[in-house]
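Subject: Structure for your review

Dear colleague,

Please find the structure below, together with its sequence. My notes on it follow.

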Amino acid sequence: MPGDIPADAKAWMVISPCPTLSVQAVFQAGGRRQVKVGVLCSGGKDSLFACMCAMQEEEVACLITVFPDNPESYMFHTPNLHVVRLQAKAAGIPLVAWPSRGKEGEETADLARAVAEAVRRHGIGGVVTGALQSVYQSSRVQAVCRDLDLWCFNPLWYTDPDEYMEALLSSGFDVIVSAVASEPFDRTWLGRRLDFAALQDLRRYAERYSTSLAGEGGEYETLVLNAPFFRHRIAIGEAEAVWQNFRGILRVKRAWLEAA
Amino acid sequence: MILLAGLCYRDSALLRSEFVRPVARVVGRLGVEWTYCHYSRLPDGAGDGYDAVILCGTALKDTGYLREIGRFSWLPEVPVPVLGICAGMQVLSLVHGGTLRPACEIGMEEVRVLCKNPILPPPPSFSAYELHRYSCVPPPGWKTLAVSKNCVQAVSHPELPLFGVLFHPEVRNESVIERFLSLANPGKEKGGGWGQDVPPSGDGQPVLPGDRDE
């Protein structure tokens, strides 16, 4: 039956988190009581892949994004956060946007306020993150969820990076590199599409320079332009590469939605 | 063959991927064969035929396994090494006569090793990832192997290879799982599977603790 989830799809997803299911299947995955969740969204690959995983199990009621003023924020991913507004529209999911001064001591409180706002507006009972291995970030989100009596789901937690990257590229995500922060990444990576050729380069880097394959060490940041659950794709009209001391950011200046 | 028992309140891929898959990854990387089963589907005698059993943890908010502790009546009879992780340690402790007490820890904590033992790093201490609301008062006669500033962190049966660790060894302490597996002497056949060899599904659905009516 079209749109049905294969009998073993969920088990298979856990081995290799590659839910290449149709959008219809995602929304038909119910049939039992679900937890309404808010997905902490930075606009990068991990949060939106985690969002897709969550859509197959629970009801994704909103995306939650904290907008820090400080570009060096410890907690929050910063390049091109404004594109999250387009991503939310593309996915047809409401966005809870919350400002933060991005100061180290205040970030957890800012996150708690953002999540509390999502509880108030959308009645969420849980939070989903795209945390890969960051104990720093994960512990703080867990503590926020404990204080607000919410579930905390981290479907990519300590996943195998190679399997994850394969799954990401195989499942229809369109992802570009939006920032780099270490050698050997050079300015040619800014704006580069993450495809299988890029994955091969990342594997070589991981082997030769001990960089992390999925960027969990902050070596690179990403921006999602399309995802299997997007109704529209994001087109970038104008972007500027800013480069300084082996760190670079692709600043998206103009972007819009177009037919997926 | 290692049995990985899932303790999440329902057999959800979202929770399984967070609390079982990282353990399976460590086991699989050692070339050890494993299979997965949710606790609600494990019948009496569930441990028979395996080289070892690992009881995996679950989410901080999840207390479903405590409400259904009767489903673990098979556990005291398991004739092979058992490692209980977090919720798994709580269950292992309870079925052997221990009790729980509230003790919430989140994030990295210093764990002090009290005595030499086969699975933990050597004394004096190591840093471990914590995610729990309860700790254990160990069953009578069991050894306390390690503590944090707040609570008991690791226990073992006085004679049998039954171990409980409250911290999550799959995060930054994979060697704990490796040492445990070396006690089990499992067959080395690479890979694993999510349920191809598990017993048939049970009749009841697990309780949904804390689930709210939307």
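What does the accessible surface of chain B come to, and what percentage of it belongs to carbon and sulfur atoms? In this predicted model, that surface is about 7800 Å², and carbon and sulfur atoms make up 50% of it.

Chain B has 214 residues, of which 61% count as buried. Its secondary structure consists of five helices and 10 strands. Among the contacts in chain B with a separation of 6 or more, 75% are between residues 24 or more positions apart.

As for nonpolar cores, the largest has 75 residues. The members that touch the most others are A:Phe49, A:Met165, A:Phe173, A:Leu194, A:Phe229 and A:Phe230. Helix H3 of chain A, residues 45-55, gives the most to this core, namely eight residues. Another core, of 33 residues, lies apart from it and includes B:Val27, B:Trp34, B:Leu145 and B:Leu181.

Helix H3 of chain A also packs against helix H7 of chain A, residues 161-170: the two axes come within 12 Å and cross at roughly 75°. Since angles of 65 to 115 degrees count as roughly perpendicular, H3(A) and H7(A) are therefore roughly perpendicular to each other. On the H3(A) side, A:Lys45, A:Asp46 and A:Phe49 take part in the contact, and they meet A:Tyr164, A:Met165, A:Ala167 and A:Leu168 in H7(A). By type, the residues of this contact are five nonpolar and two charged, with no polar ones. Two of these residues, A:Phe49 and A:Met165, were listed above for the largest nonpolar core.

With kind regards

Methods. Residues are numbered from 1 along each chain as its sequence is written. Chains are lettered from A and ligands numbered from 1 in the order in which they are written. This is a predicted model: local features need pLDDT of at least 70, side-chain atom pairs count only at pLDDT 80 or more; totals for chains, interfaces and linings use all residues. Side-chain values use heavy atoms; hydrogens and water are left out. Helices (H or I, at least four residues) and strands (E, at least two) are DSSP runs, numbered from the N terminus. Buried means under 20% relative accessible area, exposed over 50%, partly exposed in between (1.4 Å probe, protein chains only). Contact means heavy atoms within 4.5 Å. Accessible areas come from the Shrake-Rupley method with a 1.4 Å probe; for residues, only the protein chains shown count as cover. A nonpolar core is a set of buried Ala, Val, Leu, Ile, Met, Phe, Trp, Tyr and Cys residues joined through side-chain atoms within 4.5 Å. Axes are lines fitted to C-alpha atoms, for helices over the stretch in contact, and angles run from 0 to 180 degrees between N-to-C directions. Angles under 35 degrees count as roughly parallel, over 145 as roughly antiparallel, 65 to 115 as roughly perpendicular and the rest as oblique. Ala, Val, Leu, Ile, Met, Phe, Trp, Tyr, Cys and Pro count as nonpolar, Asp, Glu, Lys and Arg as charged, and the others, Gly among them, as polar.
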